[in-house]
Amino acid sequence: MLLDLSEEHKEHLAFLPQVDSSVVAEFGRIAVEFLRRGSNPKIYDGAARKLNVSRDTVQHGVEGLTYLLTESSKLMISELDFQDSIFVLGFSEELNKLLLQLYLDNRKEIRTILSELAPDFPSYHSLEWRLDVQLASRSLRQQIKPSVTIKLHLNQNGDRNTQVLQTDPATLLHLVQQLEQALEEMKTNHCRRVVRNIK
């Protein structure tokens, strides 16, 4: 799978061939630090003074490299696909090898950092349900008004919380059909490819 690099991203990375390979390696280190601890403007200012360029140029270069490394790591693309993805940038063979080495050296750490940044969504624990039917009221002697009450128990960060939902059977049936349709969609080749690349 190849990365699809936007024109803006290519523009940000176009700065890399203008600097020495040791500077590109340092940018790679800064990019990984950026993921760990966030942006540090002082680093950009210092690098801009040393390289005699604007602060924005350095920041865009680091951010472009960060994007390249994170997207590649997220998709776990192979060495060959990574090389093919950056080939369109027109860099020298030496720079391509350096970027490949940066990717190979840091992809596991980047994936670990990204997994820690991912939100922790609630997960299913158990479900209780009850069907209530109102057969009559003071104003209507004969009526059938069913409702389904669902008590959903969820786990999140080791804590258990409960959500109570109430609906009519027609809406519940529609919800079940939509979920079944989504499960069928997950069996398609396209979804399998996407899920495989996410892992």
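User: What do the buried residues of α3 pack against?
Analyst: They pack against α2 (21–37) and α4 (55–75). The buried residues of α3 (41–51) are Y44, G46, A47 and A48. Here buried means under 20% relative accessible area, exposed over 50%, and partly exposed in between (1.4 Å probe, protein chains only). Helices are DSSP runs of H or I with at least four residues, strands are E runs of at least two, and both are numbered from the N terminus. This is a predicted model, with local features needing pLDDT of at least 70 and side-chain atom pairs 80 or more, while totals for chains, interfaces and linings use all residues. Residues count from 1 along each chain as its sequence is written, and side-chain values use heavy atoms, leaving out hydrogens and water.

User: What makes D45 and R55 a salt bridge?
Analyst: Their side chains meet at 2.9 Å, N to O, and the rule asks for a Lys or Arg side-chain nitrogen within 4 Å of an Asp or Glu carboxyl oxygen, so the pair qualifies. It ties together distant parts of the chain: D45 is in α3 and R55 in α4, 10 residues apart. D45 has a relative accessible area of 29%, so it is partly exposed, and R55, also at 29%, is partly exposed too.

User: How do you know that E71 is buried or exposed?
Analyst: At 19% relative accessibility, E71 counts as buried. E71 and K74 are 3 residues apart in α4, which means about one helical turn separates them.

User: Which residues are linked with E33 in a network of salt bridges?
Analyst: R36 and E109. The E33–R36 pair sits at 2.2 Å, N to O, with both residues in α2 and about one turn apart. R36 is partly exposed, at 40%. A search of the whole structure turns up 8 salt bridges.

User: What makes the phi of M76 worth a look?
Analyst: Phi of M76 is near 50°, positive in a residue other than glycine. Most residues other than glycine have a negative phi. M76 lies in the loop between α4 and α5 (79–87), and with 39% relative accessible area it is partly exposed. Just after α3, N52 has a positive phi as well, about 60°.

User: Why is N96 called buried?
Analyst: N96 has 14% relative accessibility, so it counts as buried. N96 is in helix α6. Neighbours within four places in sequence aside, N96 is in contact (heavy atoms within 4.5 Å) with I86 and F91. E93, also in α6 (93–117), is at 57%, so E93 is exposed.

User: Why does I144 count as exposed?
Analyst: Its relative accessibility is 69%, so exposed it is. I144 lies in the loop between β1 (123–134) and β2 (145–156).

User: How far apart do the centres of domain 1 and domain 2 lie?
Analyst: The C-alpha centres are 45 Å apart. The assignment, with bounds from an automatic or database source, gives domain 1 as 7–117 and domain 2 as 123–198. Over residues 123–190 the chain is 29% helix and 49% strand.
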